[in-house]
Amino acid sequence: MKRLVLETIGWLLIVAGIAALVLPGPGLLMLFAGLLLLSQQYEWAERRVDPVRLRALRGAADSVQTWPRIALSTLGALVILGFGVLWVFRPPAPEWWPLEASYWLLGGAWTGVTLILSGLLALALLVYSYRRFHDRPGALAELDHEIEEADEDR
């Protein structure tokens, strides 16, 4: 039973991670978590855990290298958070909405909750990335070295 639950959660995280690569959300983080769960059962998943982890960390490091990137990343997370709040409170469809009112803010409150969680997670990851990588060339060089080693091993 434990194996079934872990595999189901792992595959759900993989699918959600792939979707979140193009939709709002922490795609690489979800892929990493899904692969980490599946790596307990599958060798192919175990081989992919470290490369995905390193790419996710590299993306996190890149997002806090300059103040414009930090500002845009923070703004993006706050926008996602704001949309989540909008979905939770679900105001009536505005006058300019061209479709039926039933098509306004599809998904209901749970869509809002997931958007709020994604926004909060994005803000938390920004804080983590800032503390770990901003103005720390040594940490960035160490990460680049790990990526090079992982690429050579493949």
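User: What percentage of the 154 residues in the protein chain is buried?

Analyst: The model is predicted. A residue counts as buried when its relative accessible area is under 20%. By that cut-off, the buried share of the 154 residues in the protein chain is 29%.

User: What part of the accessible surface of the protein chain belongs to carbon and sulfur atoms?

Analyst: The accessible surface of the protein chain totals about 10,200 Å². Of this area, the part belonging to carbon and sulfur atoms is 67%.

User: Which pattern does the protein chain follow along the sequence?

Analyst: The protein chain contains six helices and zero strands. Read along the sequence, the pattern is therefore α-α-α-α-α-α.

User: How are helix 3 and helix 5 oriented, roughly parallel or roughly perpendicular?

Analyst: Helix 3 covers residues 43–62 and helix 5 covers residues 108–133. They pack with their axes 9 Å apart, at an angle of about 85°. Angles of 65 to 115 degrees fall into one class, so helix 3 and helix 5 are roughly perpendicular.

User: How many nonpolar, polar and charged residues does the contact of helix 3 with helix 5 have?

Analyst: From helix 3, Leu57, Ala60 and Ala61 take part. They meet Tyr128, Ser129, Arg132 and Phe133 of helix 5. By class, the residues in this contact are five nonpolar, one polar and one charged.

User: What share of the contacts with a separation of 6 or more comes from residues 24 or more positions apart?

Analyst: A contact requires heavy atoms within 4.5 Å. Among contacts in the protein chain with a separation of 6 or more, residues 24 or more positions apart account for 58%.

Note on methods:
Residues numbered from 1 in each chain as written. Predicted model: local features only at pLDDT ≥ 70, side-chain atom pairs only at ≥ 80, totals over all residues. Heavy atoms only, no water. Axes fitted to C-alpha atoms, helices over the stretch in contact; angles between N-to-C directions. Helix = DSSP H or I, 4+ residues; strand = E, 2+ residues; numbered from the N terminus. Parallel < 35°, antiparallel > 145°, perpendicular 65-115°, else oblique. Nonpolar A, V, L, I, M, F, W, Y, C, P; charged D, E, K, R; others polar. Buried < 20%, exposed > 50% of the residue type's maximum accessible area, 1.4 Å probe, protein only. Areas by Shrake-Rupley, 256 points an atom, 1.4 Å probe, with all protein chains shown as cover.
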